[in-house]
Amino acid sequence: GLYNRRAFEEAARQELDRWQRGRDALSLLIIDADHFKRVNDTYGHAAGDAVLRQIGERTGSVLRGGDTLGRFGGEEFVVLLPETDSNEASAIAERIRTTVASEVIATAEVEGGIAATVSIGIAAYLLDGDSEHELLSQADEAMYVAKRMGRNQIRTAQEARQLGADVEFMALMQEEGQYEIAKREGLTPEQLREIY
């Protein structure tokens, strides 16, 4: 029941045209189901379909009336957030992330259900690009940074650019359990390199 990729891209183009006339804020999210291949391999495609359907339903349940949700491919969803700046988009993305992870899903297909999480990338119009292609690309890169940083988290395109050269180092820190401590203490990648 969601927009497919082509329909979503058309809606995004229309929203960008409207934005250019009215100058409202605009953000875009790319949401990717974590470890989805493992779900299909372990429980089968019927369970995988249920997981995707329920992630879509849970995502839609926290969106506002004017937001547009679409299935972008495979295990990816995309959300267009009109009149939403990067900070507001981060708050919405966090609601999506916690709602998806709040309870197991696919309980009718798998006894005990499946624990699901998502990684989310955020891009804001003008700050991260001025076309739907640039916004999608920037949000996609931010989502991949979230995945490399341990999954079940949100990253903005701006964070992805800042971490770009440091992703591998930060992933190593994540594996060693040091990243969250460093993040809490507000250490930069450069400071981390000096320590480690």
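Helices, as I use the word here, are DSSP runs of H or I with at least four residues, numbered from the N terminus. With that settled, I looked just past the end of helix 5 in this predicted model and found that Gly 150 takes a positive phi of about 125°.

Next I checked the length of helix 5 itself, residues 132-148: its 17 residues should span 24 Å at 1.5 Å a residue, and because the end C-alpha atoms lie 24 Å apart, the geometry agrees with that expectation. I then listed the buried residues of helix 5, which are Glu 132, Leu 135, Leu 136, Ala 139, Ala 142, Met 143, Val 145, Ala 146 and Lys 147.

I turned to helix 3, residues 45-61, which has 17 residues and reaches 24 Å from its first C-alpha to its last, close to the 24 Å expected at 1.5 Å a residue. Its buried residues I noted as Ala 47, Gly 48, Ala 50, Val 51, Leu 52, Ile 55, Gly 56, Arg 58 and Thr 59. Looking up what covers these residues, I found that the cover includes strand 1 (26-33), helix 2 (36-43), strand 2 (68-73), strand 3 (76-82), helix 4 (86-101) and strand 4 (118-124).

Of its 196 residues, 47% are buried, and among contacts with a separation of 6 or more, 64% are between residues 24 or more positions apart. I recorded an accessible surface of about 10000 Å² for the protein chain, with 45% of that belonging to carbon and sulfur atoms.

Definitions and conventions. Residues numbered from 1 in each chain as written. Predicted model: local features only at pLDDT ≥ 70, side-chain atom pairs only at ≥ 80, totals over all residues. Heavy atoms only, no water. Helix = DSSP H or I, 4+ residues; strand = E, 2+ residues; numbered from the N terminus. Expected span 1.5 Å × (residues − 1). Buried < 20%, exposed > 50% of the residue type's maximum accessible area, 1.4 Å probe, protein only. Contact = heavy atoms within 4.5 Å. Areas by Shrake-Rupley, 256 points an atom, 1.4 Å probe, with all protein chains shown as cover.
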